[in-house]
Amino acid sequence: MEKSARSAQAESASTRLPFWKNQRARRILGDVLSYVLLSVLTIIWILPIVWVVLESFNTNPGPYNETFFPTSYTFDNYVKLFTDTHILNFPSMFLRTLVISIIVCSISTFFVLSVAFCMSRLRFRFRKAFMNIVLVLGMFPGIMSVVVIYFILKSLGLTQGIGVTIALILVYSAGAGAGFYVMKGYMDTIPLSLDEAAYLDGCTRWQVFTKIILPICKPMLVFQALTSFLGPWLDFVMARAISRTQDNYTVALGLYQMLSREYLNDWFSRFAAAAVIISIPIAVLFIIMQRFYQESMSGAVKG
């Protein structure tokens, strides 16, 4: 009884306090404002996605509508996108970009892991000099080298036919090893005593790399795979410089072409449908790999 009386007394005292001194009231107001802000940001973030999805089913193929959302819907935009290929061959662009992205993802991930392992676990001459050089080169935007890369590829005969696909794979994956800093920083947190114990048990460096470092680096491995896939999948600048004809276009160039003055009135709804389709591989990749985000190093060294 005495405790309840004290609590009631404290509550009545808190209600009599001015608002700026009442911690409970300020906390409630802060929570309400936080939820309101998060709700507004959620609507701002989701609204364009909902609009694109609904626009992909619009019966009006042009960009001009009387209402913000379509009033009538059809599935023909998706059907025509894959059947009407005499103007823009979207299935070919999609398949070409998917092949390039998968190959580049595999090569880039291996390069980054290998370079990061060498920089983190090995000690050799010019190691720090190499890291400093890569750091300085990373400060320059890649767009500066587009013209030079194009003329190098042209001299090698990789700007026509199937050579464009090979050229894009080479361009996207050749310098991937230079992005090792984030992966190296993660590997630096792994105790060296794990490596030493493995070497004492007779493991080679390759076995240490594949059986110890890679399983521990699984969260960063997933991150690297995602970024390596998204690079060529969404790139426009390099693909625009190398791909000169529609026979070698990627999906980014195809979507850009759909918004040109020549095709806009007939292809705008199909552009929205294509935007939805190219987001599917990204969503699938995130759904498959999201469970690895929560994983971290376990089984710490005793001592």
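Read from the N terminus, the elements of the chain follow the order α-α-α-α-α-α-α-α-α-α-α-α-α-α. That is 14 helices and zero strands, where helices (H or I, at least four residues) and strands (E, at least two) are DSSP runs numbered from the N terminus. This is a predicted model, in which local features need pLDDT of at least 70 and side-chain atom pairs count only at pLDDT 80 or more, while totals for chains, interfaces and linings use all residues. Residues are numbered from 1 along each chain as its sequence is written, and side-chain values use heavy atoms, with hydrogens and water left out.

**Confidence**

- The mean pLDDT (the predictor's confidence in each residue, from 0 to 100) of the chain is 81, and 89% of the residues score at least 70.
- Over residues 296-303 the pLDDT falls below 50, although this stretch has 10 contacts in the model beyond near neighbours in sequence.
- Among the elements, helix H1 (residues 2-16) has the lowest confidence, with a mean of 52, and H4 the highest, at 90.
- Where pLDDT is low, the predicted coordinates should not be read in detail.

**Burial, surface and contacts of the chain**

- Of the 303 residues, 35% count as buried, a class defined by a relative accessible area under 20%, with exposed meaning over 50% and partly exposed in between (1.4 Å probe, protein chains only).
- The chain exposes about 19,000 Å², of which carbon and sulfur atoms supply 67%; accessible areas come from the Shrake-Rupley method with a 1.4 Å probe, and for residues only the protein chains shown count as cover.
- Contacts (heavy atoms within 4.5 Å) with a separation of 6 or more are made up, to 71%, of residues 24 or more positions apart.

**Thr109 in helix H4**

- Thr109 belongs to helix H4 (residues 90-121) and is buried, at a relative accessible area of 8%.
- Apart from neighbours within four places in sequence, Thr109 contacts Val104, Leu221, Gln224, Ala225 and Ser228.

**Leu54 in helix H2**

- Leu54 is part of helix H2 (residues 23-55) and is partly exposed, with a relative accessible area of 26%.
- Beyond neighbours within four places in sequence, Leu54 touches Phe69, Pro70 and Tyr73.
- The C-alpha atoms of Leu54 and Pro70 lie 6.9 Å apart, with the two residues 16 apart along the chain.

**Cysteines**

- Cys105 is buried at 14% relative accessibility, and Cys217 is buried at 0%.
- The count of disulfides (pairs of cysteine sulfur atoms within 2.5 Å) is zero.
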